Structure formats: C-alpha cells, structure tokens
Amino acid sequence: MKQQRLLWADDEIDLLKPYVLFLREKGYDVQTATNGQDALDLCREQSFDLVFLDENMPGLSGLETLNKMKEWYPSLPIVMITKSEEENIMDQAIGNKIADYLIKPVNPNQILLTLKKNLHQQAIVNEALTQDYRQSFQELSMQISMASSLDDWKEVYRKLVHWELELEGANTGMDELLLMQKQDANRQYAKFVARNYASWMSHSDARPLMSPDLFRTQVFPAMDKGEKLWFILIDNFRFDQWRSIKPLVSEYFHIDEQLFLSLLPTATQYSRNAIFSGLMPLDIQRMFPDLWVDEDEEQGKNLNEAPLIQTQLERYRKPYKFSYHKINDVEAGEKLLDSLSQYKDLPLNVVVFNFIDMLSHARTESKMIRELASSQAAYRSLTQSWYKHSPLSQLLQYLAEQKVKVILTTDHGTIQVNNAVKVVGDKNTNTNLRYKLGKSLDYNPKQVFEMKRPADFHLPSPNLSTTYIFAMNNDFFAYPNNYNHYVNYYRDTFQHGGISLEEMMIPLVTLESK
C-alpha cells in the first residue's frame, strides 16, 4: 500500500513537531512549510494526499493559499486549521470546499479523525460493508429458502435491493456473492409464482394488489376525498431505479413507498392497459374490443390509454374530469411544463414517461448505449442522470409547490438476461424474449411457466389452442435457427415480459408535499 504524503503549512511549525512525529510514527510521509508560498512551491514539486493549512500566516494568508491550491488542484483535500472562531472565516473556508475545519489547539485524535474521514473513509466503509453483508448473507439466505408468502418475498427483495445499492461502487469483493444470492432468490420466487398465480387469478378478492387494482384502491379513494391527484407512470421503472432517485425526490416530498405486483405478461400491452382500465386483459378484449390490440397487429399496443381510463371512471361512476399526457421526448415534456396552469384545477392528471423503456431498447440496439449501461449499477446511474435533467424532475418540483398529491409508479420492471432457452414457434409467434404465445410452441416445460388455458389466467387467446409460456430467472427465449448470433446479440440486455422479482415486484409511491 502506497505511503500517503501530507503537507502541513504553519508559521509555527516548530511548535507542532510532536504532531508531525506522531503522524510519521503512524506511517505518513509528512512535509512541512512555514508560509503559503513555500507550501505552493512544494505542491508544484510533488503530489500530496492531504494538506493541513494554517489560516493565519504572514505573507500569503491561509485563505489566499487555499484559493491558489484549489485553483490548481481542485480535488486535493485541504484541512484548514485556525485559532479564530469567527464565522466569516469559516464561511470563506467552507465556500472554497475545504475537507475539514479544525480549531487550535488541536489534539492527535482530531487529526487522526480527519485523516480517516478524508483518506481512509472508503476503505473503512468497504470493510464495514463486507462484514455487515457477510453477517446478513446467512440470514438473507434463510429468508429466501423459508419465504412462503408474498410479504416474505417483498421483504427479501427490499433487502436484496438494499445490498445492491450499498455495495455499489464499493470494493468489497461481495458483488459476485450478492449476484448468486439474487439469482437463487429469483429461482425460488419463480417457483412461488408458479404455485400461486392460478389461485390469484381465480380469486380476485384474495389476490395481492396487482395492476388492475391501482385506480380502485389508490386513485379513487383520494379523489373521493376531494384531493387533486397526479398519477405519474414511468415505463420499465424497477424498484432499484426508484431507490436511486428517491433521495432526490425526498427533498420536496414525504414519501410512502410500497411494492405491488405486475400481472403476467409483464409487458406494456397487458400490465399498463390493466392499470388504466382496471380490468384483466381478457376482460378488456371482451368488453372493449375496439380498445384492445392483439399481438399480431402492427399498431402500437398502448395507444388507447386515455379511453381506457375513461371506461374505468364510467364503470365505477366517478364523474371526474382528467387529463392524459404521454411524454416520449424532451419536447413533449417541455410542452406539458409550459401548460401546467391549465390542469391545476382538474381532479386527476395522468402522465406517462417512456424514457426508461426507450433506454432499455436503445441499450439492446446501440453499442454505445450498451457500453454506458454495461451493468445494473450503470443502468441505475443513467436513470438517475436522466431524472436530474428531465421534465419529470421539474414537474415534481412544481407539484410540490402546489401541495398536490402524487402517485408515482410503473407498469413493470426489467431483468438483465443471459441464459438462452430454446423455443420453436410458427411465424405468428410474438417476438418478445421473455414470453411467447402461439398455437404450436415447442419447448421444454421444465424451463418455463406455461399457461395452456389462457382464459383461466384472464388472458386472450388468438386461437383455440393458444399457449402462453414465460421465461423465469434470467432466461430469454431463442430460436434454433441462427441461434448463436441471436444469443450473442441479446445476452446481457434488459428485457421484460416474464417472471422475476425485478419485473413483477414494482414500486408504488405516494408523495405528499413537505
């Protein structure tokens, strides 16, 4: 490990020799200077890991030296040391982004603490994280193996996402272990869904909160109390992506966060239309055939969202007016922001943001985007960066100022796939990589979750013999012809439609202005 080099600049450096010796005994290489100019000269000659800088020196003052150092070496940690407790000096030093501020007389423990904070913090955090995760690993493994209810699985998923975010960017060596644990959780979760999904579909009063239930249980009760509500849906928005922007949203809102389930297939045509209609896909097709688009039709599968919302309002006898907005690009977002005053008196405003869906598709098709989102952490980082500069961020700030209630959610998540599973279908088989439906599918039933009677699961059947199959874990479906090219192209892409914690267990967030 490289010996770390410190510079201590103080016109009374002779009186500080005990401290210098103390630091040298601790393994630091300590250089000294008695004035600001000498300190700057030393910085030009050699590199330092941290500088202790006295505020009150003759000639070039501590603050003037600080300004020069920060101009030349903006990332160099500088600790200002002073006898003065004047607030304006503290403000000037802090304004110049000092690493720490110590008031004389300092003691050795103060010096060690500031060194640990500024030079060793990451190593200390990494060590603590490693120990904490090792301790949690056995407990979490037990929770995964014992999970028998949806609440159990929600708790497992929350903990997995917590550790993903905690270990992100930390050099702990625990990433592979966490990935294995997450894969094990998805295997067990897929078995749980396979055992219970038919029961959920046949007993609507006993099923967990799912896509068709959101308006009835979350939106209508708020509106019935006279609250003005904005319902914002971000397509493909996973729980970990929500957690990555949560600190930014919490600046303006009190947050109530829960998880609910996307229905199968975890794809826009099914899950989002179910949210806006309050109906299962088969019921949409039967009751509103003009609003349902079959898999084999070329037109967009989410073009009828506003009419579907209207049907749900009418079915539940809710005489509320609403606005609907779909944001596919910055221009559409800016148009909404420019016209917000038109909607502030409406009981309900619905906004769909499609950026993350476009990002996942672009990552598949663009080598450059694939490089930018090469990992789960990078994918979250891109989401966070988008949010910071997006119309959504500006919209939420405006709504916080207006004291408006907001529900922020999604239709489904995505999973990064890497294991190809062979399936054969005719030319009418749909193209989604995580679910297939057709009348002559050939597959290994042990590798999929199959629905041979789609009506039992409230899904449409284009043909009498239609079967639905769903990929589980991190699998994706591939055809035998041109197999290797196909597999290499889609491996490690983000896909949706199947069964996984990431796709099915999605955020439902209620925001109240602070």
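Let me begin with the largest cavity, which has a volume of about 40 Å³. A cavity here is a set of points on a 1 Å grid over the protein atoms alone where a 1.4 Å probe fits but cannot get out, and lining residues have an atom within 4 Å of a point; the grid points are joined across faces, edges and corners, and a volume is the space filled by probe spheres set on the points. By this rule the count comes to one cavity of 30 Å³ or more. Its lining is made by Y270, W292, D294, E295, L437, P460, P462 and Y468, and by class that gives six nonpolar, no polar and two charged residues, with Tyr, Trp, Leu and Pro counted as nonpolar and Asp and Glu as charged.

Please keep in mind that this is a predicted model, in which local features need pLDDT of at least 70 and side-chain atom pairs count only at pLDDT 80 or more, whereas totals for chains, interfaces and linings use all residues. Residues are numbered from 1 along each chain as its sequence is written, and side-chain values use heavy atoms, with hydrogens and water left out. The chain averages a pLDDT (the predictor's confidence in each residue, from 0 to 100) of 89, and 93% of the residues score at least 70. Among the elements of the chain, helix α4, residues 87-95, has the lowest mean pLDDT, 61, while helix α20, residues 501-504, has the highest, 98.

Now to strand β9, residues 348-353, where six of the six residues are buried, meaning under 20% relative accessible area with a 1.4 Å probe, protein chains only. Helices (H or I, at least four residues) and strands (E, at least two) are DSSP runs, numbered from the N terminus. L348, V350 and V352 point one way from β9, and N349, V351 and F353 point the other way. In a regular strand the side chains alternate between the two faces of the sheet.

Which strands run parallel to β9? Strand β6, residues 229-234, is joined to β9 by six bridges, with F231 having V350 as its bridge partner; strand β8, residues 322-327, is also joined to β9 by six bridges, and S323 stands opposite N349. Two strands pair if DSSP finds at least two bridges between them.

Methods
1 Å grid on protein atoms, 1.4 Å probe; cavity = no way out; pocket = protein on both sides within 12 Å on 5 of 7 lines; lining within 4 Å. Buried < 20%, exposed > 50% of the residue type's maximum accessible area, 1.4 Å probe, protein only.
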